[in-house]
Amino acid sequence: MGKQGVVAATEVLPSYELFRDLDPRSVGLILSQAKFSRVAPRSALVRQGDAPGHLLLLVEGQVKVSRVADDGREVTVHLMQSGDLIGCDAVFRDLPHLATATSIGNCGTYSWPREQALSLMEAYPRLALNALCLVSGLLADLFRRDAEMNNGPVRRRLAVQLLKFVPPGEANGDPLQEVRMTRQELGQLCGTTLFTVSRVLCNWERAGIVTLGRGRVRLVDRARLSRIAGGDMPR
């Protein structure tokens, strides 16, 4: 595994649930068997229907998870953040991938071949338990999102999703406050149409809450967006 761009084990240990309660030496040994990769924007990390080849840990950037529906439409179902496992459903069950995972911006991943990942989890039971917690958390997020899509107005659901994509505490105008997703993708995540999302975002831009670009939304006033997500609807 090359040194350039690799997240050090001492940096990963405190913040990634996959390595929770594992000692630094164990984390280092686990990572030493992984391949670190830089991923360009809009690259497919796994594809729907493909056999599981590798288990991937996202350590930089964001990844969109989408499925092709029966009518041929691509539907965005989830957004994965740093620390999430990609392809775990297929790897653990030895079944084809249920969805396609596509990088939104530049990303970094560790990857283990499927058999190697399973062997490591046998050798480190805590690693397997942590992976189970991550999978359970993903399932809970999907249930919460389904509940959100069936309750409350679109502007509240959209505010909730945008706030999930950017880290709190950054200064306004920081590049990390930018969501690089199309309005169609945001509409799919919120259970609404591209046109409804466009109308809400344009209203927010006029109000000084966001600024808009091609395939991107920059948060300008996070505090006001948080109030909208909490149910405080501006007129």
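Mentor: Start with L186. Leaving out residues up to four places away in sequence, L186 touches L158, L162, F165, M181, V197, L201 and V217, where contact means heavy atoms within 4.5 Å. The model is predicted: local features need pLDDT of at least 70, side-chain atom pairs count only at pLDDT 80 or more, and totals for chains, interfaces and linings use all residues. Residues are numbered from 1 along each chain as its sequence is written, and side-chain values use heavy atoms, without hydrogens and water.

Now the helices. Helices are DSSP runs (H or I, at least four residues) and strands likewise (E, at least two), numbered from the N terminus. The axes of α6 (residues 154-165) and α7 (residues 183-190) come within 9 Å and cross at roughly 110°. Axes are lines fitted to C-alpha atoms over the stretch in contact, with angles from 0 to 180 degrees between N-to-C directions. The two helices are therefore roughly perpendicular (65 to 115 degrees). On the α6 side, R157, L158, Q161, L162 and F165 make the contact; on the α7 side, L186, L189 and C190 do.

L158 and L186 return in the largest nonpolar core, which has 26 residues; along with W204 and L225, they have the most contacts inside it. Such a core is a set of buried Ala, Val, Leu, Ile, Met, Phe, Trp, Tyr and Cys residues joined through side-chain atoms within 4.5 Å. Buried means under 20% relative accessible area (1.4 Å probe, protein chains only). α6, α7, α8 (194-206), β11 (216-219) and α9 (222-229) each supply at least two residues of this core. Its largest share, seven residues, comes from α6.

How values were computed: Parallel < 35°, antiparallel > 145°, perpendicular 65-115°, else oblique. Buried < 20%, exposed > 50% of the residue type's maximum accessible area, 1.4 Å probe, protein only.
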